[in-house]
Amino acid sequence: MRSEAKDVDAYLAELPADRRTPLTRLRALCRTELPTHTEVMAYGMPVYTRDGEPEIAFASQKQYISFYLMRNDIREAFTERLADQDMGKGCLRFRSPAAVDYDLVRDLLRATAKGPGKIC
């Protein structure tokens with residue numbers, strides 16, 4: 001569900017209450033763990049960029065909450081922990097707000113923050 005929101009505050013405000021809380025928490029994690037990244041709206045969702053390159057994003061989709069990990073090196077480093085997750089090519093899907101694994105997300109963000117990598 002692509003948003004036309006101009007900033008992340010507006011994006012979060014337009015979400016249903018059951019989605020707003022987990023996505024607000026994802027945003028807080030991104031802001032804490034990615035202090036040198038820039039928060040922007042792109043592709044209709046919140047995106048965190050390093051030197052203009054998107055590395056992380058999240059979105060409320062119709063059937064799930066998505067967390068986009070745009071670096072192959074990070075996905076490869078977490079192969080075991082991601083093995084039991086619902087994954088697309090670059091998207092970690094949480095089928096319900098209660099299913100969001102904040103510890104996993106935090107660890108992925110910390111790994112991303114350590115340095116730049118090739119964007120897929």
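Predicted model: local features only at pLDDT ≥ 70, side-chain atom pairs only at ≥ 80, totals over all residues.
**The core**

Begin with Ile56, Phe67, Leu108 and Leu109. In the largest nonpolar core, which has 35 residues, these four touch the most other members. Next, colour the elements that give two or more residues to this core: the helices are H1 (8–13), H2 (17–33) and H5 (102–113), and the strands are S2 (45–50), S3 (53–60), S4 (65–69) and S6 (91–94). Which of them gives the most? Helix H5 does, with 6 residues.

Now centre on Ile56 and show its surroundings. Leaving out residues up to four places away in sequence, Ile56 touches Cys30, Leu34, Pro46, Val47, Tyr48, Phe67, Tyr68, Leu69, Met70, Leu109 and Thr112.

**The cysteines**

From Ile56, move to Cys30, one of the residues it touches. Cys30 counts as buried because its relative accessibility is 1%, and the cut-off is under 20%. How many disulfides does the structure hold? There are 0. For Cys30, the nearest cysteine sulfur belongs to Cys91 and lies 13 Å away.

Select Cys91 next. The nearest cysteine sulfur to that of Cys91 is in Cys120, at 11 Å, and Cys91 is in no disulfide. Cys91 has 8% relative accessibility and so counts as buried.

Finish on strand S3, where Ser60 is placed. Is Ser60 buried or exposed? With a relative accessibility of 3%, Ser60 counts as buried. Show its side chain together with that of Arg19: a polar contact of 2.8 Å joins the two.

How values were computed
Residues numbered from 1 in each chain as written. Heavy atoms only, no water. Core = buried A, V, L, I, M, F, W, Y, C linked by side-chain atoms within 4.5 Å. Buried < 20%, exposed > 50% of the residue type's maximum accessible area, 1.4 Å probe, protein only. Helix = DSSP H or I, 4+ residues; strand = E, 2+ residues; numbered from the N terminus. Contact = heavy atoms within 4.5 Å. Disulfide = S-S within 2.5 Å. Polar contact = N/O pair within 3.5 Å; in protein donor to acceptor, adjacent residues only side chain to side chain.
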